[in-house]
Amino acid sequence: MTIVNPFARYSGNTLWAAGIFVTIVGSAIAYAGQARYDGVLDVHFSEVPEFYRPLLDNMLNTGCLTLFLFATGRYINGKTRLADIVPVVLLSRLPLYMLSLFGMNATFNAAIQDIRSGDSIAFSPELSGIGLLLLSAVCGMAALIAVVVILRYGFAVACRARTVKHWMLFAGAVLCSELVSKLLFYVL
């Protein structure tokens, strides 16, 4: 259970260091895999012209999610600390960073390009491309579930959330952070 809930076992400094490391490495993998994080719960594959863009995406997403979870945590428990929420958010994004590895596969990229071309004749990826797209979709759903599970365990430790009302507030905070991050990406 330590993989899903490291927050109950490791100290704050260890979690902060791991979270920062994971974010930097995840951003580098995203650049190499041409992935964009244009929402708290989103990964999209497109051309990434600047090497720093995935890091900026992650900073914006982390900021939005931290802000909403911290406000919700303070509402639930007035003793909730920002220093306990930030590592939860940083580490919860690890499964999304793993999805960026798909962008480093030439067959995956060719299948994505065929879909983007919109040309009915061009859209005939070989069987391995379709299989890889299907695998990426399954992995994407698993990653999304993993993000929510990690956030849930970390949030429970950070603010002592226990009741159904707390989990409804948690779900609302995550959804609101997704909406706000999408709006910010649209505006910026």
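By helices I mean DSSP runs of H or I with at least four residues, numbered from the N terminus. This is a predicted model, and these are my notes on it.

**R160.** I started with the loop between α6 (127-159) and α7 (164-187), where R160 lies. Its phi is near 60°, a positive value in a residue other than glycine. Buried or exposed? I looked up the relative accessible area of R160: at 58%, over the 50% cut-off, R160 is exposed.

**Q34.** Next I went to the loop between α1 and β1 (35-36), which holds Q34. Q34 is not a glycine, yet it has a positive phi of about 55°. I read its relative accessibility as 33%, so Q34 counts as partly exposed.

**α1 against α2.** Two packed helices are described by the angle between their axes and the distance between the axes. For α1 (residues 12-32) and α2 (residues 53-76) I noted an angle of about 130°, with the axes 8 Å apart. The two helices are therefore oblique to each other. The crossing of α1 past α2 is right-handed. Which residues meet there? From α1 I listed T23, S27, A30 and Y31, and from α2 P54, L55 and N58. I sorted the residues of this contact into 4 nonpolar, 3 polar and no charged.

I checked the length of α2: its 24 residues should span 34 Å at 1.5 Å a residue, and its end C-alpha atoms are 34 Å apart, so the two agree. I also looked up the buried residues of α2, which include P54, D57, N58, N61, L65, L69 and I76.

Terms used
Residues are numbered from 1 along each chain as its sequence is written. This is a predicted model: local features need pLDDT of at least 70, side-chain atom pairs count only at pLDDT 80 or more; totals for chains, interfaces and linings use all residues. Side-chain values use heavy atoms; hydrogens and water are left out. Axes are lines fitted to C-alpha atoms, for helices over the stretch in contact, and angles run from 0 to 180 degrees between N-to-C directions. Angles under 35 degrees count as roughly parallel, over 145 as roughly antiparallel, 65 to 115 as roughly perpendicular and the rest as oblique. A crossing is left-handed if the near helix is turned anticlockwise from the far one by less than a right angle, and right-handed if clockwise. Contact means heavy atoms within 4.5 Å. Ala, Val, Leu, Ile, Met, Phe, Trp, Tyr, Cys and Pro count as nonpolar, Asp, Glu, Lys and Arg as charged, and the others, Gly among them, as polar. The expected span of a helix is 1.5 Å times one less than its number of residues. Buried means under 20% relative accessible area, exposed over 50%, partly exposed in between (1.4 Å probe, protein chains only).
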